[in-house]
Amino acid sequence: MPDWIDPITRKRLQRFRDYRRAYYSLLIIVLLYLTSLVAELFCNDRPLYLHYEGKSYFPVLFFYPEDTFTGNGLLTRPDYKTINASPAFAGNDDNFMVFPLVPFGPQEIIQASSIPVDDQVEVLVQREPRVASVNIDAGFVVRRQQRAEWFFTPAEGPVEGMDFLGSYDIPEAFMEAVALRFANQPAPAWSYSYPPGEAEKQVILSLSPYKPRNRNPGTVRILLREALQQDLGQKWIYTPEDRQLATGGGLWDAFSGSHRDEILAQAKARLLAPVATLRLEHAGVNYRIKFIKEDVRFPFRPIGPHLFGLDDSGRDVLARIFYGLRTSLNFGLLLVITSMVIGTIIGAIQGYYGGRIDLTGQRLTEIWEALPFLYVLILLGSVYGSSFILLLVVYGLFNWIGISYYMRAEFLRLRNQQFVEAAQCLGLPDRKILFRHILPNALVPLTTFFPFSLVGAIGTLAALDYLGFGLPPPTASWGQLLAQAQGQAYWWLILYPSLALFLVILLCVFVGEGVRNAFDPRKFTRLE
């Protein structure tokens, strides 16, 4: 280390460096911040280098009108990706563009047609269970029925007039539930699977809830429902190249020609737009046929070049997280530095002069601290509009209070030291005594709390953006990405912004622990 560094400071720096977790965390967070400051070189929809007609251009650094590359006379910002696909570049090896590693900007809206998805339709065929009902009298004789023939096979003659107990061996509890209804007594819903356990043909017998009426019922209705196994569905694939369904035979071959034509027509129509569920009846069995195709609707899952997915406006999530890192760190650093400067000045004046100045300052600080920060932010935002500067100023007006208390205590402790009295005897002005003699000896709270204050600032910005009181759209922000996933199953909008926020905060906390340990004169602390 340089010789001009104070020996005590040299020991603290060495102690911080020996704390490996904090030291490497500091290197990582500094590297991330420096990288985010030049984010345009790594993540941008403008090329880093462009070679056209023997000349070199650097669109990432300079603005060139569209007329420069197309000759159409327009002086607007060019769409470099459209120009790159034009014959002047696509069919000419001398003209080319070099895009960044992530060729998407934070405000670039991706066209749905450019997202590669499988151009095929899944045809999901599910058999619907048979449902019927019968009305029985007090002797369990069927008096009326609706579509109940299958549930009484093999049957001799019509279902009406058959003995219900002859076809179904029902438990005593079921018979008691039926008896309550014939007695015009209130009864809850009741169901029973016949036969109990697992069987190839299983029927669910159900009774609906019953309320007493003016007179006793003549019959009681029993609902019959076929219990289907979970593996009765089939999945077929329709592709526009084959124009046929990959079915493997089976049920497809059993369908009639008209049914197959109808299914093919619906599958072909699903390539262009969503279609309704198709219901067919074959051999006395109803089938429900769904046509499933993945449509590009924003937000969209991670796919192909968009490793972190797309947000609700079709913007690349990775690009917005990367630029959101710069926004968060810039806001946090500016806020913490501003707050510490204001808090240090106010705390130093109160602690150095004491007396009425200290008492008045403390009362005014307590009154200012009682003001609701969020209400003030909402009020000013509604009048002046949300912006980065407004959020920084409003939050900075309240964030200095905590550090002023610590600096006041340090100056109260140091103002009676001998080196301060010597400076006063020499006739030095108060400003020199405050900031050249006392302040260098009172930097421990500033240095120790800086990383943790940065954590609080980053977390507060994310929370305000999540609530809608933070930075205005379309500013790249982690909180806005989290807000888009609210109430929806967009896992990529929850996982990746949360992971970025967690890692940055974790690194800052590690740095704060290292700084705190470096300023602790005791290497080990033991409670006795």
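Student: In strand 13, which residue is the bridge partner of glutamate 281?

Tutor: Asparagine 286 in strand 13 is the bridge partner of glutamate 281. The model is predicted, so local features need pLDDT of at least 70 and side-chain atom pairs pLDDT 80 or more, while totals for chains, interfaces and linings use all residues. Numbering starts at 1 along each chain as its sequence is written, and side-chain values use heavy atoms, without hydrogens or water.

Strand 12 covers residues 278-282 and strand 13 covers residues 285-292. Helices (H or I, at least four residues) and strands (E, at least two) are DSSP runs, numbered from the N terminus. Five bridges join this antiparallel pair; pairing takes at least two DSSP bridges. Two residues lie between the strands. Alanine 283 has a positive phi near 55 degrees in this hairpin.

Five strands make an open, antiparallel sheet, in the order 6-5-9-8-7. Strand 6 (142-146) and strand 7 (190-194) are its edges, each pairing on one side only. On average, neighbouring strands are turned by 25 degrees against each other, direction ignored. (Axes are lines fitted to C-alpha atoms, for helices over the stretch in contact; angles run from 0 to 180 degrees between N-to-C directions.) Helix 7 (residues 172-182) packs on this sheet. Helix 7 touches strand 5 (131-136), strand 7, strand 8 and strand 9 (220-227). The direction of helix 7 makes about 30 degrees with that of strand 8. Strand 7 and strand 8 (residues 202-207) run antiparallel, joined by five bridges. There, tryptophan 190 has leucine 207 of strand 8 as its bridge partner.

Next, the inside. The largest nonpolar core has 50 residues, and Phe411, Trp478 and Val504 have the most contacts inside it. Such a core is a set of buried Ala, Val, Leu, Ile, Met, Phe, Trp, Tyr and Cys residues joined through side-chain atoms within 4.5 Å. Helix 10 gives the largest share, ten residues. A second, separate core has 24 residues, among them Ala132, Ala148, Tyr192 and Ile222.

Take tryptophan 478. Beyond four places in sequence, its contacts (heavy atoms within 4.5 Å) include Ile321, Gly324, Leu325, Ser328, Ile458, Pro497 and Val504. Serine 328 sits in helix 10. Serine 328 counts as buried because its relative accessible area is 7%; buried is under 20%, exposed over 50%, partly exposed in between (1.4 Å probe, protein chains only). Past four places in sequence, serine 328 touches Ile458, Leu461 and Trp478.

Helix 13 (residues 388-399) has twelve residues. At 1.5 Å a residue they should span 16 Å, and the end C-alpha atoms are 16 Å apart, so the two agree. (The expected span is 1.5 Å times one less than the number of residues.) Its buried residues are Leu390, Leu391, Leu392, Val394, Tyr395, Gly396 and Phe398. Their cover includes helix 10 (317-353), helix 11 (355-369), helix 12 (373-384), helix 14 (401-414) and helix 17 (444-467).

For contrast, look at aspartate 93. This residue lies in the loop between helix 5 (87-90) and strand 3 (96-98). Aspartate 93 is exposed because its relative accessible area is 73%. From aspartate 93 to leucine 390 there are 297 residues in sequence and 49 Å in space, C-alpha to C-alpha.

Last, the cysteines. Cysteine 43 is buried at 1% relative accessibility, and cysteine 508 is buried at 4%. The count of disulfides is zero, with sulfur atoms within 2.5 Å as the rule.
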